[in-house]
Amino acid sequence: MTHDLVVTLRPLLAAEASAEAYASGGEPGDLEQAVWLRLLERLETTGPPSDPQGWLRKAVRAEARRSRRTIRLERPYGTEPVDDSRPDPEQLALTAARYRALRDAARRLPGRCPRLIEALLSPKDLTYREIAGELGISQGSLGPERSRCLGCLRRLLTPEVAAREVRG
């Protein structure tokens with residue numbers, strides 16, 4: 001019985017949905033799906049309609065009205081809710097934690113290394129000349145000093161990074 005009803009109503013529903021959908025601002029397929037769902041709900045509660053074609057036309061118009069009301073009430077987002085171009089709160093928190101760990105490790109370095117690493121990490125984007133002037137060393141010795149400090153920092157961070165990695 002249900003299969004016969006679906007086969008009989010399918011062409012009429014497609015035509016009615018196409019006629020009503022664009023005026024309601026929706027898609028014909030969405031409207032068809034809503035009406036099929038409404039028909040299934042009806043079949044479970046009160047059984048098949050006595051006048052299936054008449055019921056279908058009324059159901060399509062009712063769903064189209066509901067769609068128009070929904071469209072009038074809904075407002076589009078200014079941006080996509082899931083905007084991948086901006087980091088999410090979790091990514092921001094993890095990045096901040098990494099920078100804190102890096103800066104904490106840099107402060108534990110020997111000699112001039114803490115000041116050198118802080119200068120390299122500075123948001124001012126200092127040049128080698130400016131860093132050398134700030135540290136009171138020659139610009140020529142800055143490269144070897146930097147390499148030595150980064151090596152110390154790498155050795156200091158390796159156990160911390162290795163302990164945080166998930167293995168398996």
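With which side chain does the side chain of Glu16 make a polar contact? The partner is the side chain of Arg61, at 3.1 Å; a polar contact is a pair of N or O atoms within 3.5 Å, where within protein one must be able to donate a hydrogen and the other to accept it, and residues adjacent in sequence count only if both atoms are side-chain atoms. The structure is a predicted model, in which local features need pLDDT of at least 70 and side-chain atom pairs count only at pLDDT 80 or more, while totals for chains, interfaces and linings use all residues. Residues are numbered from 1 along each chain as its sequence is written, and side-chain values use heavy atoms, with hydrogens and water left out.

Glu16 belongs to helix 1 (residues 2-24); helices are DSSP runs of H or I with at least four residues, numbered from the N terminus. Leaving aside residues up to four places away in sequence, Glu16 touches Leu56, Arg57, Val60 and Arg61, contact being heavy atoms within 4.5 Å.

Helix 1 also packs against helix 2 (residues 28-45), at an angle of about 140 degrees and with the axes 9 Å apart. Axes are lines fitted to C-alpha atoms, for helices over the stretch in contact, and angles run from 0 to 180 degrees between N-to-C directions. Helix 1 is therefore oblique to helix 2, on a scale where angles under 35 degrees are roughly parallel, over 145 roughly antiparallel, 65 to 115 roughly perpendicular and the rest oblique. The residues in contact include Leu5, Leu9 and Leu13 of helix 1 and Leu31, Val35 and Trp36 of helix 2. Helix 1 passes helix 2 in a right-handed crossing; a crossing is right-handed if the near helix is turned clockwise from the far one by less than a right angle, and left-handed if anticlockwise.

Helix 5 (residues 113-121) and helix 6 (residues 128-135) have axes 10 Å apart and pack at an angle of about 150 degrees, so helix 5 and helix 6 are roughly antiparallel to each other. The crossing of helix 5 past helix 6 is right-handed. Arg115, Leu116, Ala119 and Leu120 of helix 5 meet Ile131, Glu134 and Leu135 of helix 6.

The loop between helix 5 and helix 6 holds Ser122. Ser122 counts as buried because its relative accessibility is 16%, and its side chain reaches the backbone nitrogen of Lys124 at 3.1 Å. Asp125 is found in the loop between helix 5 and helix 6 as well. With a relative accessibility of 64%, Asp125 counts as exposed. Asp125 is not a glycine, yet has a positive phi of about 55 degrees.

The count comes to 1 disulfide, a disulfide being a pair of cysteine sulfur atoms within 2.5 Å. Cys113 is joined to Cys149 with an S to S distance of 2.0 Å. Cys113 lies in helix 5 and Cys149 in helix 7 (residues 139-164), so the pair ties together parts that are 36 residues apart in sequence. The torsion about the S-S bond is about -80 degrees, which means that the disulfide is left-handed. Both Cys113 and Cys149 are buried. Cys152 is in no disulfide, and the nearest cysteine sulfur, that of Cys113, is 5.3 Å away. Cys152 is likewise buried, with a relative accessible area of 17%.

Conventions:
Helices (H or I, at least four residues) and strands (E, at least two) are DSSP runs, numbered from the N terminus. Buried means under 20% relative accessible area, exposed over 50%, partly exposed in between (1.4 Å probe, protein chains only).
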